[in-house]
Amino acid sequence: MPAHDLRQFLSLLQKHGELLTVSNEVDLRYEISEWLRQADRARGPALSFERIKGHSMKVVGNLVGTKKRLALAFGLTHEEKLLETYRKRRGTAGKARRVKYAPVKEIVLKNSKSIDLNSLPIPVYHEGDGGPYITCGVLTARDPETGSRSMGLHRLQVKDRRRLGVHLANPPISRFVARAEELNRPLPVAISLGVHPILLLASIVSSPSEDKVAIAGSLLGSPLALAKCETSEVDIPAHAEMVIEGRVLPNVREPEGPFGETSGYYFSDQSHVIEVTAITHRKDPILQALHPTCQEVALLCGPAGEAEIIQMLREKGFAVEDLVLSAAAGRTHVALSLRKRHDSDAKQMLHLVLAGVPYIKHAVVVDADIDVRDPQDLDWAIATRVQGDEDLVVMTGLRARSIDPSAKDGMLTAKVGIDATVPIAQRHRFRRISVPVEIKQSVAKRLAAIIPVNPMNRATD
């Protein structure tokens, strides 16, 4: 079974040689960000910053920057079982359990003079950013009408001692806030910092109507321990490192940003404002930094997104073999392999994916003989199986992502699909050159004994 809080997970990474302690003093302004970016590019280990300039708290990052470490977060030793494990656990009903003792409340700050967001080690990631940003704070709230609970991951700008700007682009939290505004009421929220990576993953799952707290429990494989906030009825993970309690002010918008987003560009907005009412934390809390353009973001989103889309398509009757979301494109590109039963299947599936998955902008469908996780195989299929006047699907006037700089007025975009499948009646013309499988395996085994595998040449995560 996986670890159940951040500290247990850090110990697990240490045990597997996947955690590097950075003893040099580092600055919150740009330096932590650049350490994380360069470690990610080198496919390096998770980082623990022990000496933050002007602060006593530790900061960790790049925690699940490889599939190996994401597998460890699921309690697995083999990354090949990630998708299978996700699907299996996602299919179970998650639960939560109320606990009397919550380590996150070892220190409680409710006095207005003792609450100071500026005292926290929150990084400034890019030279054009408008200030420090919390990038991996899990925001939890309840629907003010129904009482239903959920959580999400939203960027949070530290504005002053007791105020945060929050960009609410996605449901369900954005929907909760809208309903509270209709009632002219503030919405109580909690922001959990320093949590197990599975909670971050669960908060990103695209399922606006489900309780993502329960999803986190199902993915962890055991009920999530919860406690109540000090100043509201919002539930919080009992073993978080820190919780910022507050309320989203109704009908208040203030400039927020710029912030260098996952798309690789700066974005600003008129965003909601959170007024902080309390901060609770463990003794010697450990906070986490999440660089918006690193592989860690794609890996947190990838397995969940891939599994959810595959399930949706199979329920519609499509024989999907595999699917991969592009990390480099921030999940906006998807490649799918399909066991086609009818020549219309590929284009019908493209229409469904492009219209039905908000964050997908470009999609390509290939036959089941193509490995969608091999970029060379994918390029080869597009080069040899596509005719541009027949195999493109263009859909206009669809809703764009809020962080897409190419979006048109009204936040609209065009989406493109590529049908790189072979017409069923012409499959005999597209027989791939090859040798018998047993010969491939035999040569590969003997070659590996002669030529050691260079780690830098391994397939990327």
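Predicted model: local features only at pLDDT ≥ 70, side-chain atom pairs only at ≥ 80, totals over all residues.
Local features are reported where pLDDT is at least 70, side-chain atom pairs count only at pLDDT 80 or more, and totals for chains, interfaces and linings use all residues. Residues are numbered from 1 along each chain as its sequence is written, and side-chain values use heavy atoms, with hydrogens and water left out.

**View 1. Packing of helix H4 against helix H8.** Helix H4 spans residues 82-90 and helix H8 spans residues 295-315; helices (H or I, at least four residues) and strands (E, at least two) are DSSP runs numbered from the N terminus. The two helices pack at an angle of about 65°, and their axes are 10 Å apart. Axes are lines fitted to C-alpha atoms, for helices over the stretch in contact, with angles from 0 to 180 degrees between N-to-C directions. H4 and H8 are therefore roughly perpendicular (65 to 115 degrees; under 35 is roughly parallel, over 145 roughly antiparallel, and the rest oblique). From H4, Leu83, Tyr86, Arg87 and Arg90 meet Pro303, Ala304, Glu306, Ala307, Glu308, Ile310 and Arg314 of H8, contact meaning heavy atoms within 4.5 Å. The residues of this contact comprise 6 nonpolar, no polar and 5 charged (Ala, Val, Leu, Ile, Met, Phe, Trp, Tyr, Cys and Pro count as nonpolar, Asp, Glu, Lys and Arg as charged, and the others, Gly among them, as polar).

View 2. Thr135 occupies the loop between strand E6 (133-134) and strand E7 (138-142). This residue counts as buried because its relative accessibility is 13% (buried is under 20% relative accessible area, exposed over 50%, partly exposed in between, with a 1.4 Å probe and protein chains only). The side chain of Thr135 reaches the backbone oxygen of Leu290 at 2.8 Å. Not counting residues up to four places away in sequence, Thr135 touches Tyr125, Leu153, Phe259, Ala289 and Leu290.

**View 3. Ala39 in helix H2.** Ala39 belongs to helix H2 (residues 31-41) and is buried, its relative accessible area being 13%. Although 23 residues separate Ala39 from Asn62 in sequence, their C-alpha atoms are 7.7 Å apart in space. Leaving aside residues up to four places away in sequence, Ala39 touches Gly44, Leu47 and Asn62.

**View 4. Gln288 in strand E17.** Strand E17 (residues 286-289) contains Gln288, which is buried at a relative accessible area of 10%. Beyond residues up to four places away in sequence, Gln288 touches Val59, Val60, Leu63, Cys136, Val195, Leu200 and Glu296.

Technical notes. Polar contact = N/O pair within 3.5 Å; in protein donor to acceptor, adjacent residues only side chain to side chain.
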